[in-house]
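Here is a short note for a colleague who is opening this entry for the first time. Please keep the sequence and the coordinates at hand while reading the points.

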Amino acid sequence: MSNNMITKDALGKGLKVLLEKKPLSKISVKDITEYCNISRNTFYYHFKDKYELINWIFYTDMLENVNSFNDPSKLTNSFVNVCKCLYANRKFYLACFQYIGQNSLYEYLNEFYYELWRINIDVRYTESGFKLTETELHLMAKMKAHSLVGIISDWVKDGMHDNYMSYFEQVHAVLEFEASGYARLSDQMMLEKQEGQAGKKNEEGKSYLRVC
């Protein structure tokens, strides 16, 4: 592990320990650096504030524990596993989700899922024979991202209980059903293309026979 990663990991662990003693709003960068025996300059070399540290912890947790977390093509499959990982560390994430504002975990999740959905939707529509405009792509990705983060937000407000897991599975099923629709549309477009090519060849063959 590089020195940078060792420092980031130490800061992350320090924040987690401090969150067991007091709420996030009462924890300062100074508290974190003093606990870790690291200078404030070193902290700001890696993170601009404690919220960026939280976002880094989240991203690292997901990379380590959720397969295909940042793969746009596996987005629907990974969503439930992301929620399971959040639940497994719910004491920490419940504390982090209490902050709503600039650079919050909610904001980070929105931006993260927006980028994943943007790529996912663009690829699926292109494979189905459609090309969305930038405005259409932006709006669809934004709606999708807000819907997933909204579901997580409702769960957090309800205390992140495990009874939501069956609900997340249902969300996953709906997303997969929608994805299968793209696949059927893509297959239909391919079949129509093949039939069109076959028809064109037949017409060319008929024309050739008439000339002879």
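Predicted model: local features only at pLDDT ≥ 70, side-chain atom pairs only at ≥ 80, totals over all residues.

1. Residues are numbered from 1 along each chain as its sequence is written, and side-chain values use heavy atoms, with hydrogens and water left out.

2. The protein chain holds 9 helices and 0 strands, where helices (H or I, at least four residues) and strands (E, at least two) are DSSP runs numbered from the N terminus. Of its 212 residues, 39% count as buried, a term that stands for under 20% relative accessible area, with exposed over 50% and partly exposed in between (1.4 Å probe, protein chains only). Among the contacts with a separation of 6 or more, 64% are between residues 24 or more positions apart, contact being heavy atoms within 4.5 Å.

3. Helix α4 covers residues 50-65, and its 16 residues reach 23 Å from the first C-alpha to the last, close to the 22 Å expected at 1.5 Å a residue; the expected span is 1.5 Å times one less than the number of residues.

4. Which elements do the buried residues of α4 pack against? They pack against α1 (3-19), α2 (29-36), α3 (40-46), α5 (75-88), α6 (90-96) and α7 (105-127), and the buried residues of α4 include Leu 53, Trp 56, Phe 58 and Met 62.

5. The pairing of α1 with α4 has an angle of about 105 degrees, with the axes 10 Å apart; axes are lines fitted to C-alpha atoms, for helices over the stretch in contact, and angles run from 0 to 180 degrees between N-to-C directions. This makes α1 roughly perpendicular to α4, because angles of 65 to 115 degrees count as such, while those under 35 are roughly parallel, those over 145 roughly antiparallel and the rest oblique. Among the residues that meet here are Met 5, Leu 11 and Leu 15 in α1, and Leu 53, Ile 54 and Ile 57 in α4.

6. The largest nonpolar core has 60 residues, and those with the most contacts inside it are Leu 86, Tyr 93 and Tyr 113; such a core is a set of buried Ala, Val, Leu, Ile, Met, Phe, Trp, Tyr and Cys residues joined through side-chain atoms within 4.5 Å. Leaving aside neighbours within four places in sequence, Leu 86 is in contact with residues including Phe 58, Met 62, Tyr 93 and Trp 155.

7. Thr 76 is found in helix α5 and is buried, with a relative accessible area of 2%. Beyond four places in sequence, Thr 76 is in contact with Trp 117, His 172, Leu 175 and Glu 176. His 172, for its part, lies in helix α9, counts as buried at 18% relative accessibility, and touches Asn 77 and Val 80 as well as Thr 76.

8. Ile 121, in helix α7, is likewise a buried residue, with a relative accessible area of 2%. Its C-alpha atom is separated by 7.9 Å from that of Met 140, 19 residues apart along the chain.
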